[in-house]
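Welcome! Please take a moment to look over the sequence and the model before reading on.

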Amino acid sequence: MNIILLFHIAGFVTSVLCGDDSSCQTESCNNKMTARLLDNQNAPLVAMIDLSKADEHVKEYVNRAIETKMTNLVKTKLEDVFKSLKLEEDVKLYVDEVKQNVTLNITDDIKRIIEEVLEGKQMKPAFFVTLKANQNLGKNAVLKFTNVVTNIGSGYDVNTGIFRAPKTGVYEFSANFISNGNNWLEINLMKNEHLIARGHCAKTHGVAGTLQVILELLKNDTIYLKHPRNSGSIYGADYSMFSGHML
């Protein structure tokens, strides 16, 4: 097969007729083609063109072109995906950031992106627990509220009485407690073993006390109520309660 190539050299247009050279038998010749050249003055010229890496360069160029086209297609289609999901406007703004990390595996990209969005839009952690039975408390005892009404995010552990933040954020906590019998009742709200706030009831049966705080928590920070006195008793029957939620 013959191929004609045109070159513009120093003001001259040169025609290159490329074809197989059957007279070349060496291995190096397998990657070369003989080119019989005719310049615009009809002077006979001969050139050898090295094609040893031609296939490699062509494949690289084609692959690069396809990758660029496909990546742009993925980025464009992502916007359509978010629109079809009817997500909130603030979530749609997330598309621009996502575009920076797309790959050519479209299915995995879309699955990963949707999972990230849904994780960020999950219901905020919240819990509400009450005390069914009266509890006698010793020194530094942690109050354990046995009746779990709400526990979104599973942050409250009924066995330990401790709330562990499922995610970083700002939280509000409140506690209401009733003294039981002729005992002082003092309750401390603790964050990671550090005292945050105190509440107490007078030494009279049926007196109420309250606590309410707003705290910035990191994921896995702990919040709980602790009794610092040597002895005390808290009244149950759902009169004493503890709650918290992410703002």
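In which strand is Val170 found? Val170 is found in strand β11, which covers residues 169-178.

## About the model

This is a predicted model, where local features need pLDDT of at least 70 and side-chain atom pairs count only at pLDDT 80 or more, while totals for chains, interfaces and linings use all residues. Residues are numbered from 1 along each chain as its sequence is written, and side-chain values use heavy atoms, with hydrogens and water left out.

Strands here are DSSP runs of E with at least two residues, numbered from the N terminus.

## The open sheet

Let us start with the sheet. Five strands make up an open sheet in the order β8-β5-β17-β11-β14, and their pairing is antiparallel. Because β8 (147-152) and β14 stand at the edges with a single partner strand each, one side of each has no neighbour in the sheet. From one strand to the next, the twist averages 5°; the axes behind such angles are lines fitted to C-alpha atoms, and angles run from 0 to 180 degrees between N-to-C directions.

Two strands pair if DSSP finds at least two bridges between them. For β11 and β14, the antiparallel pairing runs over 10 bridges. As an example, Ile178 has Ala208 in β14 as its bridge partner.

## A nonpolar patch

Val170 also belongs to a surface feature: together with Ile214 and Leu247, Val170 forms a nonpolar patch with about 250 Å² of accessible area in total. Patches are made of residues with over 30% relative accessible area and no salt bridge; like charges are joined within 9 Å, and nonpolar side chains (Val, Leu, Ile, Met, Phe, Trp, Tyr) within 5 Å. The areas come from the Shrake-Rupley method with a 1.4 Å probe, and for residues only the protein chains shown count as cover.

Why does Val170 count as partly exposed? The reason is its relative accessibility of 34%, since buried means under 20% relative accessible area, exposed means over 50%, and partly exposed lies in between (1.4 Å probe, protein chains only).

## Salt bridges and a polar contact

How many salt bridges are there? The count comes to two, with a salt bridge defined as a side-chain nitrogen of Lys or Arg within 4 Å of a carboxyl oxygen of Asp or Glu. One of them joins the side chains of Asp238 and Lys132 at 2.9 Å, N to O. Asp238 sits in the loop between β16 (231-234) and β17 (241-246), and Lys132 in the loop between β5 (126-130) and β6, so this pair ties together parts that are 106 residues apart in sequence. Another salt bridge joins the side chains of Glu186 and Arg229 at 3.2 Å, N to O. Glu186 is in strand β12 and Arg229 in the loop between β15 and β16, 43 residues apart. Glu186 is buried at 16% relative accessible area, whereas Arg229 is partly exposed at 35%.

Asn180 lies in the loop between β11 and β12 (185-191) and counts as buried at 15% relative accessibility. Its side chain makes a polar contact of 2.8 Å with that of Ser233. A polar contact is a pair of N or O atoms within 3.5 Å; within protein, one must be able to donate a hydrogen and the other to accept it, and residues adjacent in sequence count only if both atoms are side-chain atoms.

## Two asparagines with positive phi

Most residues other than glycine have a negative phi. Asn140, although not a glycine, has a positive phi of about 60°, and Asn140 lies in the loop between β6 (135-138) and β7 (141-142). Asn220 has a positive phi of about 80° and lies in the loop between β14 (208-217) and β15 (222-227).

Definitions and conventions
Helix = DSSP H or I, 4+ residues; strand = E, 2+ residues; numbered from the N terminus.
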